[in-house]
Number of protein chains: 2
Amino acid sequence: MSGQNGQAPAELLSANNITALFDSVDAFLFDCDGVIWKGDKLIDGVRQTLDVLRSKGKKLIFVTNNSRRSRRQYAHKFHSLGVSVSEDEMFSSSFAAAMYLKVNNFPQENKVYVIGGEGILEELRQAGYTGLGGPEDGEKRVQLKSNCLFEHDKNVGAVVVGLDPHINYYKLQYGTLCIRENPGCLFIATNRDAVGHLTDLQEWPGAGCMVAAMCASTEKEPIVVGKPSTFMMEILSKKFQIASSRMCMVGDRLDTDILFGQNAGCKTLLVLSGVTTQSTLQDPSNNIQPDYYTNQVSDILELLGQ
Amino acid sequence: MSGQNGQAPAELLSANNITALFDSVDAFLFDCDGVIWKGDKLIDGVRQTLDVLRSKGKKLIFVTNNSRRSRRQYAHKFHSLGVSVSEDEMFSSSFAAAMYLKVNNFPQENKVYVIGGEGILEELRQAGYTGLGGPEDGEKRVQLKSNCLFEHDKNVGAVVVGLDPHINYYKLQYGTLCIRENPGCLFIATNRDAVGHLTDLQEWPGAGCMVAAMCASTEKEPIVVGKPSTFMMEILSKKFQIASSRMCMVGDRLDTDILFGQNAGCKTLLVLSGVTTQSTLQDPSNNIQPDYYTNQVSDILELLGQ
């Protein structure tokens, strides 16, 4: 039986198929929100599962579209939840944005305007770049008076747009002017998620919301560095020297995590602990089928008989 | 010679063709920004031109995508610039949004959430509706804490999105929740202009920016009531009992004004006093050709030999 686009429907992860999956990969890539944690709470059994995977020699890598934190801040969050994860194992879209500039030899003397959080600014600094905007522009207001000119820095060579709960018209105009008026200015989106669980209880507009606003005013399309773009895979497979075919991407979203894994040539495992329900997965309108699905990360442990 | 899409290239308005245009129409429809005024300054010769057109029995109608003012506020602006225009002659996208609800029998007991300015709220009130949001929510902030639930009014049956220089995350989440969670909630856009001359000296992100943000978070497309949608034409041709083929739409934008005129079956006249330059008009990539073009509205007067 094959799915809508010729994809075989996802197999429920079971004691019968887990060994084949486990033996076929050297690394597990985990999304974070809805997979590892919900808000500030670790999902049951995650700590033990990660420990067992490590003890069996699997490389663990964490790949998140959430750009609000830097890798250092993510490592700190893991630590505060009692899980040991190093900065080197973290790949956030904030880091990916800085890496995109680096691998494309973006000049250090050019500045980067940020519509987004402190995580992006920190990653830019780590990569040796000067970021402008971000939280600092969160309370700025515009003057809509005759003969008032809104000035922007002509040395801004890239605008990075991510999730920004402090979005305002000042930032939209600043970013728009840079992209429209500074020759060659890059327009980089951390990701285009429609919504995200910024709090436990409900979803909130995601980075896709700010990115779409900028697309509309600039009439341009961005370079997307987060999932489902495979840019992060290029960086991480080079770093760890593991072929993507020997990786399993574990995530809760079909259109970012699972599509990213498929685009990159990984095995894919959907967990139902986040935004995707089993009925969404099995709805005829869904044309993204992971290789496997299961309720939550700790099922791996149980099915392995650990 | 015909243009890209088989459209004849625009003719320069001249003493040779103006009589034919003048005699073929009973009404002139004018866009405002870039046609009648720039910011708070009337464009040279506009007052005299409008006077002569009226004295020759032409009906004057003003059709603007700018939703920041109500019709009453526009009539007041005209008056302050020394031009007599009545509310009845004004068609703004703020009015169109309220009219859309009215002609579709939107229940008076349902509420309307507004991402936009006071003009929309005033038109809603005039039409007997209760608007929420708008300027009043401009300084509201969100709480992104665990167990904090962002509440929205379950009686909101429509969200109207227009240009909003006070856009923030509170409004984006409020509008998104109404559209995603209130059954049958309408999503209405006043217009989708990419940018607009909010000040004399430069362009600023337009309503299209706020509309795109909402499209991204709701994953829905809006009903657009402003130009180039012909919804306003349905209202105004019924009101004045003039066939659209006996009207000439005068505007400075190809993708809103001229396209609106063409979609509605009017004659079209582009003026170069606003956002469109002659080189944009004549660029091979432009596939919207008005019937005529001229520098500014007052050329009509001059060419008529008045």
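Okay, let's start with a term: a salt bridge here is a side-chain nitrogen of Lys or Arg within 4 Å of a carboxyl oxygen of Asp or Glu.

A bit of housekeeping. This is a predicted model, where local features need pLDDT of at least 70 and side-chain atom pairs count only at pLDDT 80 or more, while totals for chains, interfaces and linings use all residues. Residues are numbered from 1 along each chain as its sequence is written, chains are lettered from A and ligands numbered from 1 in the order in which they are written, and side-chain values use heavy atoms, with hydrogens and water left out.

Back to the pair. Buried, for us, is under 20% relative accessible area, exposed is over 50%, and partly exposed is in between (1.4 Å probe, protein chains only). D26(A) is partly exposed at 32%, and R246(A) is partly exposed too, at 31%.

Now the sheet beside those loops' strands. Helices (H or I, at least four residues) and strands (E, at least two) are DSSP runs, numbered from the N terminus, and two strands pair if DSSP finds at least two bridges between them. In chain A there's an open sheet of 7 strands, with parallel pairing, in the order β1-β16-β15-β14-β2-β5-β6. Its edge strands are β1 (11–12) and β6 (90–92) of chain A, each pairing on one side only. Within it, β2 (residues 27–30) and β14 (residues 247–251) of chain A run parallel and are joined by 4 bridges. A27(A) has M247(A) as its bridge partner in β14(A).

Next, another pair: D31(A) and K227(A) form a salt bridge, with the closest N and O atoms 3.0 Å apart. D31(A) is in the loop between β2 and β3 (37–38) of chain A, and K227(A) is in the loop between β13 (223–224) and α8 of chain A, 196 residues apart. Buried or exposed, what is D31(A)? D31(A) counts as buried, at 6% relative accessibility, and K227(A) counts as buried as well, at 1%.

R192(A) and E221(A) meet in a salt bridge too (3.0 Å, N to O). Here R192(A) is partly exposed at 37%, whereas E221(A) counts as exposed at 60%. Across the whole structure, a search finds 36 salt bridges over all chains.

On to the A–B interface. Contact means heavy atoms within 4.5 Å, and 41 residues from chain A and 41 residues from chain B take part. Buried area is the accessible area (1.4 Å probe) that two parts lose on being put together, summed over both. Between chain A and chain B that's about 3500 Å², with carbon and sulfur atoms giving 60%. L144(A), Y169(A) and W204(A) supply 19% of the area that chain A buries against chain B, more than any other three residues.

How many salt bridges are there between chain A and chain B? The count is 4. One joins R141(B) and E139(A), at 3.4 Å, N to O. On chain A's side, α6 (169–181), β12 (204–205) and α7 each supply at least two residues that touch chain B. Of these, α7(A) gives the most, with 7 residues.
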